[in-house]
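Let us read a protein model step by step. Take a look at it before the dialogue starts.

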Number of protein chains: 2
Amino acid sequence: MFEFKITAQNNRARTGIFSTPHGDLVTPVFAPVGTQATVKTLTPEHLKAINASLVLSNTYHLYLRPGDELLRDLGGLHNFMQWPKPMLTDSGGFQVFSLSKTRKIDDDGVTFKSHIDGSTHRFTPEKSIAIQENLGADIIMAFDECSDPNDHEYIRLAMRRTHAWAERSLKAKTRADQALFGIVQGGVNPALRAESAKFIAGLDTPGIAIGGLSVGETKPEMHDTLDVVVPLLPENKPRYLMGVGTPEDLINGVLRGVDIFDCVLPTRLARHHSAFAPEGRLNLMNATFARDEKPIDETCDCYACQTFTRAYLRHLIVAKELLAGTLISIHNLRALIRLMESIRGYIADGSFETRAPELLRQWANNAKRAALT
Amino acid sequence: MFEFKITAQNNRARTGIFSTPHGDLVTPVFAPVGTQATVKTLTPEHLKAINASLVLSNTYHLYLRPGDELLRDLGGLHNFMQWPKPMLTDSGGFQVFSLSKTRKIDDDGVTFKSHIDGSTHRFTPEKSIAIQENLGADIIMAFDECSDPNDHEYIRLAMRRTHAWAERSLKAKTRADQALFGIVQGGVNPALRAESAKFIAGLDTPGIAIGGLSVGETKPEMHDTLDVVVPLLPENKPRYLMGVGTPEDLINGVLRGVDIFDCVLPTRLARHHSAFAPEGRLNLMNATFARDEKPIDETCDCYACQTFTRAYLRHLIVAKELLAGTLISIHNLRALIRLMESIRGYIADGSFETRAPELLRQWANNAKRAALT
């Protein structure tokens, strides 16, 4: 269990297979986010049809609603949401800092108020692991503190706390069928990142997460940080870049040796009518598309592209029909999953590094809305 | 085309096959409503999976948005929404009276303001048919006036107008691949209903609709009206009871010789968390279901019941996840389609009339919320 076998390598980019109790994960992989035990507006059948293999769910949200003990009693998250393939839960730390109304942090843990009803709760490393054991995902995370990357003084404190909490998380863990990943922090400070990478690598967890990126730093800072961290991590463990990202971030991440990604971007964009397309990111509400008989992407094999026109999707959006969000979510997720499938093929045939600049150019249009919208 | 073949009969109840350009319709049949070229929150694949065979869409809504000429240019409604089986459009008359802000009716037609933006529009019988020809459904409706069943003076005027408009609708029709149904009106006045049934039957349309019911009259009034109208209609034409109804209405309608039904009830209930269940109509948001590991209905073969627990559906509702509406819509529609499948089987084996009282008892609980909610 939790063996990671590298199957091909292109300099730092690699393909691999991470074995979990719910099946093998072929990497590099992009995980759709199912915050509240559902990838918003999609059924598990939709997710299988787009070849999703790993789904992330959020500990903070599930702890508050419906509650981790209820989930345990009902057979865990996999059974509850009927997702039969690998799952990953985060530690709740990031959401406590980004969503909860007020919080008090000390070396033992964090006291916070629910964003739903203002009730008071406390997370410690031990509590986070206990919750994640109740949820029962295949991959779970050490409790960590994600600090503002521009608050240089605080970063060191948060990193040291993250290290102590990682040790406590490991010690609290009781289930053998879950892989606990330690999390590297340290903001965009290369020395701190190096220190954190070495510390976390030393814990010998079956995989290692890189946290605290895509939280306000620049793209060069993200890349430089990966260039510091990844070479200090063991080769034979999967590396998970948390909460990242855009198509360009995925390409740049894989180039720098990252194996696992997750992000709400494709489904969030979809609910705001924005679709990944060959000519760039499209706002499908635009009148330009009223009579457009093309699918979002003629090269895409997803149900939305194989079935419906942009004109139909635009009509659904204008008429406020929720099916629009479902169909665009299917497409946007499939677009990123297809990107990862292509990248795996390129790594396998040794062409990824030479193709990467062209891939980045193709996807650059999707960083912003296409000119025509 | 549009031949109606009766395959079995139990007194007035009958099974039949109505042939249309998009395939045979096996009756009695319940049609899900896809007001704006989509059955809310469902894909065509979901509809196929629950064995839906006829989908209704609304002329008034599609005329306003995205526009019937656009739909014509994009290959018609079937192609636009990718529904390959039979479709039916109403005439727009009912929505003009129920949804538009102000309206002025005269013998020639109706001038009304859009419920979307207040813009002024005019429907006449000729305009309604022209729009429905642009939409391209297999079954289309004569333009009619649906009046308040309690305004006895006005009912006669509206009925006579409906008759004149039915003749004009027939004359305006140009497409041979659409079946135009005349509509019987006359409120709950037996003499007027009889007059209307004879007049509309005399037009020799390939099917006949019964309008103006389920608009405020009592159940006995609905049943008495059917008892007056149906015996005056030709045996060899399908009878469509518009906008009806509840499970009990379907059973009572088939008993009285109705072949086609449509209603927003199952999908509207679903969006308000209400599900058809063996013990009655359930409000799945209720805390009772927080740990209920049963499906909505253990005897149901739909995707929602075969896959998810009531506990999961309740969580989705409480967490405001739209997937709840999708899953409950799948179940509620499947429940009524299964009911019709059972009824067809009972008519075929000659047991429908003897089983009807028990069927009505089973479904009586679903007329209101079950006691436990």
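Predicted model: local features only at pLDDT ≥ 70, side-chain atom pairs only at ≥ 80, totals over all residues.

A: Residues are numbered from 1 along each chain as its sequence is written, while chains are lettered from A and ligands numbered from 1 in the order in which they are written.

Q: How many helices and strands does chain A have?

A: Helices (H or I, at least four residues) and strands (E, at least two) are DSSP runs, numbered from the N terminus. Chain A has 15 helices and 16 strands. Its radius of gyration, taken over C-alpha atoms, is 20 Å.

Q: Which domains make up chain A?

A: Domain bounds come from an automatic or database domain assignment. Chain A splits into domain 1 (4–263) and domain 2 (269–367). Their C-alpha centres lie 26 Å apart.

Q: Is helix α6 of chain B mostly covered or mostly exposed?

A: A residue is buried if 20 or more other C-beta atoms, placed from the backbone, lie within 10 Å of its own. Helix α6(B), residues 125–135, is mostly covered, with 9 of its 11 residues buried. Among them are P125(B), I129(B) and L135(B). G136(B) follows α6(B), and its phi is positive, near 85°.

Conventions:
Buried ≥ 20, exposed ≤ 12 C-beta atoms within 10 Å, placed from the backbone. Rg over C-alpha atoms; globule rule 2.2 N^0.38 Å.
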